[in-house]
Amino acid sequence: MTNKLFNEFDAISAKQWKQKIQFDLKGADYNDALIWNTNEGIAVKPFYHADDVTEHPKASNAKGTTWTICQSIFVVDAKKSNQKAIDAINRGAESIRFIIPNKDIVLNDLLEHIVSESTSTPIHFDLQFLSSDFVNQLKEMVPQADIHIHTDIIGNLAKSGNWYNNLSEDFKTFEKIVESTQSFSVDTSLYQNAGANIIQQLAYALAHTNEYLSYLENHSKIEPNMKVIFHVSVGTNYFFEIAKLRALRLLWETLASEYHITSHCFILSAPTKRNKTLYDYNTNMLRTTTECMSAILGGTDSIYNLAYDTIYHKDNEFGERISRNQLLVLKHESYFDVVNNPSDGAYYIESLTDQFAEKALELFKDIEKHGGFLKQLKEGTIQRKLKESAAKEEAQFHAGEDILLGTNKHPNAEDKMKQELELYPFVKTNQRKTLIEPIIEKRLAEQVEQERLKNES
């Protein structure tokens, strides 16, 4: 079609729109009334216009038609986990994430009927231990399978406060695993769940990744097709989270080019735990739905959902079925799998993406200038910055500025949860010796929920 539609309407400039808005404000200050300043230092405008764009944004490489529905399974018993995985696949799961707590798991029992010569479901192995022998055994057992190994020694240090063994041994084992798999993983979800703002999440992800790439380059282990897997936690700020994932890809491409890596990153996403609540727990389904939507529109490669009751119930068939069905509805009934780059060209999202990437790159450079991510972890700088960000968010929550429906807004006084707790839903304190101060994940609503539990009759 060469003829433009609606030629009878004159184009309206950004200046004209602003003048009309200012007139309708009847004397109120435009900036005070309509400009929203975020915790990331972003000034969000009431409207975005083509006049704000100096050049057309480049098309992203997001593949919205190829994202997969993932089922996350913590493996205690290999045979039971195998049956659970097969059932999930039969009910719509397209990939599996096995969380492996130790190397005693019998892989033959775990993978039976899931991986074969005729079919191969993509499988993520999230290893909570460090063993190159286990990874080699896995690779030899299923050489043709589509598998992704998640071993993140720096992530383990940040979360637990200790190396698996020590710095030297951990990196040597890490090097062997990368040599075998030509990939490595970076768990950025820890930072989001601990209260980091989006700029911090992106900058820490980049600095975290750079520690690995710098080590591998120094040991001549960089390959052009090396792949990095980012495990990302997605929050409820809908458009911001879309832009966050897009910015992460831009930042990876920038960093990868410095090391002459040509492959795209793989993003595995999940909803955040930060805003999940014990009371009015069904609201968690609304939160996870919008978070999954953000991840998909932001270009995630795979996503697993959190059950509405995950913070206080043990794994159960009902909760897992509902959480998987949320993704099935998005994919097969809401058509979230028919457009490759659905958020491309939206002025607001493009603006957020660029600002996030630029600010995160500035913070990343500052981290590198002061010795790098590991050095700042050991000095406690990262932990201190995260605490400051978390405290600011918590103050906004307690002031009612950051709303969690059913918790600090419209709480149901008749809602009782004391008898429902199968899991301890709050931060656990365990006295132990650590090399560095660990980064602690904490939900926003914990203090309010603890007070309500005490007052339950």
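Contact here means heavy atoms within 4.5 Å. I am working on a predicted model, where local features need pLDDT of at least 70, side-chain atom pairs count only at pLDDT 80 or more, and totals for chains, interfaces and linings use all residues. Residues are numbered from 1 along each chain as its sequence is written, and side-chain values use heavy atoms, with hydrogens and water left out.

**Entry: S120.** I looked up its contacts. Leaving aside neighbours within four places in sequence, S120 is in contact with I114, A145 and D146. S120 sits in the loop between α4 (107–111) and β5 (123–127). Helices (H or I, at least four residues) and strands (E, at least two) are DSSP runs, numbered from the N terminus. S120 has a relative accessible area of 31%, so I log S120 as partly exposed. My cut-offs are under 20% for buried, over 50% for exposed and partly exposed in between (1.4 Å probe, protein chains only).

Entry: Four of the five residues of strand β7 (183–187) are buried. β7 pairs with β8 (227–234) in the parallel sense over five bridges; pairing requires at least two DSSP bridges between the strands. I traced S185 to its bridge partner in β8, I229. Next I took S189, in helix α8 (189–193). S189 counts as buried because its relative accessibility is 8%. Beyond four places in sequence, S189 touches H231, V232, S233 and E441.

**Entry: aromatic pairs.** I searched the whole structure and got 22 aromatic pairs. Rings of Phe, Tyr and Trp (its six-membered ring) pair if their centres lie within 6.5 Å; planes under 30 degrees apart are stacked, over 60 edge-to-face, the rest tilted. F171 and F174 are edge-to-face, at 6.1 Å centre to centre and 80 degrees between the planes. Why about one helical turn between them? F171 and F174 are three residues apart in helix α7 (167–181), so about one turn separates them. Both F171 and F174 are buried. Y308 and F318 also form an edge-to-face pair, at 6.2 Å and 85 degrees. This pair links Y308, in the loop between β10 (302–304) and α12, with F318 in helix α12, 10 residues apart. Y308 is buried at 12% relative accessibility, whereas F318 is partly exposed at 40%. I also noted a cluster: ring pairs link W163, F171, F174, F184, Y212 and Y215.
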